[in-house]
Amino acid sequence: MSAFLFKISKRSSVPLRMVLVLFVTIFGVFVFTVCIKQITIENKSNNIALTTEKERSHCNLHASAQEELPQIHFPQPKTYSRGECSCNPVRFFVLFSMQRSGSGWFETLLNSHPNISSHGEIFSVKERRINISSIIKTLDSVYNLDWFSSASKNECVAAVGFKWMLNQGVFDNHKEILDYFNLKGVSVTFLFRRNLLRRLISVLANDYDRHAKQLNGIHKSHVHTKQEAEVLAQFKPVINTTALIANLRSVERTMTDCLLLFRSTHHKILYYEDIVKNHKELVQIQEFLGVPVRKLLSRQVKIHLRPPSEQIMNWKDVYIMLNGTHLLRSWGSSLLHLDKTRQNE
């Protein structure tokens, strides 16, 4: 009897051994994969640091520039020679923002400066952000001055960067991106809107025109004449009040999360409304980027000038939903008054 039980237990242990061997094998492969990934990331970080040091070594820095050394670079493009400007320092920057937050207008202001190149939403193309390797490859191309667009300046450019929307892979690889920015000395500018209801109006109006194409069958996200602005401003969205509070709070959380994740960078926080009201903000951003201060200009014309009460079809329902919330209190009188500041820009 005991011999029979022994045979049964011996047979039953075979599947258990197979399961154990399979588990150990899978776990070993997992550990190996993690180690390889970590080594790859560390190697990339070391290569970035060595490349940055090599860029600086062939140019003599003035004593006054030592404090700003992490933000100063001397790129050596692969596609052309910087010639006599090879030892002119270049600052790297990125503009974090969200759609319909004034980033398009702000970027045209930056690009009106003769020494600034901001290359737009380069990560709107998914292939460029499919993984961290493609992201770093794209970043290297931009900051090595090998990225060409309508914003490209001559070889003596003093600040180069681009606009990165928060829904374009920023959070998916935030740790590696943060490490890259800190190693490369990339200056981060956050540009957001305080009044999220006005932003929502702009988002809905832009989505509507994407299909309606109100300007002679052409969709335009930004316009350059008052006549075009007036046509687009005629649309009044009906806002879903049931989802309104959740929508606005989600946008708030997204902005807060971005600020927290990248707070260790050399950064500056800007709000669209502040720039519109006080053009000294434009002086400060030029100083932040280390370029000579110039008068910055944009041909873009603001579309929505009227207060939200005249731009939302179901304004009474929206007001009832927002009344008493911190959102309404924080926006203050901007909900009730005309916004003419940018009318002639």
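Biologist: How many salt bridges does the structure hold?

Modeller: This is a predicted model, in which local features need pLDDT of at least 70 and side-chain atom pairs count only at pLDDT 80 or more, while totals for chains, interfaces and linings use all residues. Side-chain values use heavy atoms, with hydrogens and water left out, and residues are numbered from 1 along each chain as its sequence is written. With a salt bridge taken as a side-chain nitrogen of Lys or Arg within 4 Å of a carboxyl oxygen of Asp or Glu, the number of salt bridges in the structure is 8.

Biologist: Which residue meets Lys 163 in a salt bridge at 3.9 Å, N to O?

Modeller: Lys 163 lies in strand β3 (residues 159-165) and its partner in helix α2 (residues 103-111), so the pair ties together parts that are 56 residues apart in sequence; helices (H or I, at least four residues) and strands (E, at least two) are DSSP runs, numbered from the N terminus. Both residues are buried, that is, under 20% relative accessible area, where exposed means over 50% and partly exposed in between (1.4 Å probe, protein chains only). The residue that meets Lys 163 at this distance is Glu 107.

Biologist: Is Lys 175, the salt-bridge partner of Asp 179, buried or exposed?

Modeller: Both residues lie in helix α4 (residues 174-184), 4 residues apart, about one turn of the helix, and their closest N and O atoms are 3.4 Å apart. Asp 179 has 27% relative accessibility and therefore counts as partly exposed. Lys 175, at 52% relative accessibility, counts as exposed.
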